[in-house]
Amino acid sequence: MKRPRIGLIGYYGYGNYGDELFHVVFRKIFHDCDLVTMQDNQTRPYYNKDLKEKIASMDCLLIGGGDLVIGSYWTDQYFEDPFLAKPIYIHGVGVPTWSREDPKIVERLAKFFRHKSVRHINVRDHESRAWIEEKLAPSVPVTVTSDMVCALDIPNPPKRQGPPVFGLITRKQMPGEIHWKNVTALCDKARSLGYEVKNIILGTGGDRTDDLVGLAEFPYPHMRTVQSENLVELTREIGSCDVIASMKFHGCVVSTLYGIPAITTITTDKFRNFFQAIERPELIAHHTHTNLADRLAPFMARIPRLTRDHLRRSAIGGLAELRRAMLDEFA
């Protein structure tokens, strides 16, 4: 029997931790299919001249996951008209509803989402579903399941030695944008409570390079920095911590999967929605908050096993439904 060929569309190849983990999850779910990344280049033009030929060689196209449904600008990456020549499955996406909306962009998205080629739409939170249903009026129902990374088979953390570990995950922002004074106060408090401070460069490839550039603004003398081009090693570094503070969403998600409380230092939609969903709103904070250090208590409650099991079941269930729908198309 011919192996199905699935064209994968998303923010892949840049080294962003969460997106690369999406790729890992998709490869796991479609282990018996040929999963082909559609994007040819990391800068415009994202697709080579033979895009239509490449599309024609696929059985269907899979778009996801992450913040791909953007109402404020068009990226030429995710919802291009030529893709509609094949059955389209959209899975695990989110909507950054904090950004402004351009009516022309919203209408362009709506045209795509309403097309008869779109067979499946799945999002990572209820807020994204509400936006898509209201603004785009899609042609098929929108389902909600936990973030796809919750289906990840996380590696066992390394054996623990020494003091408890406070993990700090930062990212490059515009120069001078991050309020490092508040981050410093948070790290100082962690040290006063007996933690070792470990900075995790949570990116690979180009994303790793950017993170290192951003970290140059924060020459904190009392932390060690770890980095790797290996996603498993980076994930284990998260699992070796006792508390995390993260500017990266999937640093928080993976920390949660380990049961480790993660203090957000960004408050965009996906952070707020996720922590509200797991009923830990006290962990939501921002690097601009002068009381950021107050989020770190002497005793931080871990994420209950029941919560983690629910996240995993939800994510796996959604992916199983995606697989059934896609393979039924090939049958």
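A cavity is a set of points, on a 1 Å grid over the protein atoms alone, where a 1.4 Å probe fits but cannot get out, and its lining residues have an atom within 4 Å of a point. The structure is a predicted model, in which local features need pLDDT of at least 70 and side-chain atom pairs count only at pLDDT 80 or more, while totals for chains, interfaces and linings use all residues. Residues are numbered from 1 along each chain as its sequence is written, and side-chain values use heavy atoms, with hydrogens and water left out.

**View A. The second largest cavity.** The lining consists of Gly71, Ser72, Val95, Pro96, Thr97, Ser99, Arg100, Glu101 and Trp131. Its volume is about 30 Å³, a volume being the space filled by probe spheres set on grid points joined across faces, edges and corners. By class, 3 lining residues are nonpolar, 4 polar and 2 charged; here Ala, Val, Leu, Ile, Met, Phe, Trp, Tyr, Cys and Pro count as nonpolar, Asp, Glu, Lys and Arg as charged, and the others, Gly among them, as polar.

View B. Leu68, Ile70, Tyr73, Trp74, Thr75, Tyr78, Phe79, Ile105 and Leu109 line the largest cavity, giving 8 nonpolar residues, 1 polar and no charged. Tyr78 and Phe79 also belong to one aromatic cluster with Phe112 and Phe113. The charged end of Arg108 sits over the ring of Trp74, 4.0 Å from the ring centre (criterion: NZ of Lys or CZ of Arg within 6 Å of the ring centre and within 35 degrees of the ring normal).

**View C. Stacked rings around Phe218.** The structure contains 12 aromatic pairs (rings of Phe, Tyr and Trp, the last by its six-membered ring, with centres within 6.5 Å; planes under 30 degrees apart count as stacked, over 60 as edge-to-face and the rest as tilted). Trp180 and Phe218 are stacked at 4.7 Å centre to centre, with 15 degrees between the planes. This pair links distant parts of the chain, 38 residues apart: Trp180 lies in helix 5 (residues 180-192), and Phe218 in the loop between helix 6 and strand 9 (223-226). Phe218 is also stacked with Tyr220, at 5.5 Å and 10 degrees. Phe218 has 4% relative accessibility and therefore counts as buried, as does Tyr220 at 8% (buried is under 20% relative accessible area, exposed over 50%, partly exposed in between, with a 1.4 Å probe and protein chains only).

**View D. The largest pocket.** About 1,200 Å³ of space lies in this pocket (an open set of grid points with protein on both sides within 12 Å along at least five of seven lines). Among its 37 lining residues, Tyr11, Asp67, Trp98, Arg171 and Lys270 are the closest to its centre. Helix 1, helix 6 (205-215), helix 8 (249-257) and helix 9 (269-277) each give two or more residues to the lining (helices are DSSP runs of H or I with at least four residues and strands runs of E with at least two, numbered from the N terminus). The lining comprises 14 nonpolar, 12 polar and 11 charged residues.

**View E. The second largest pocket.** This pocket holds about 400 Å³ of space. Its lining has 20 residues, with Arg124, Ser146, Asn273, Ala277 and Leu311 nearest the centre. Helix 9 gives the most to this lining, with 5 residues.
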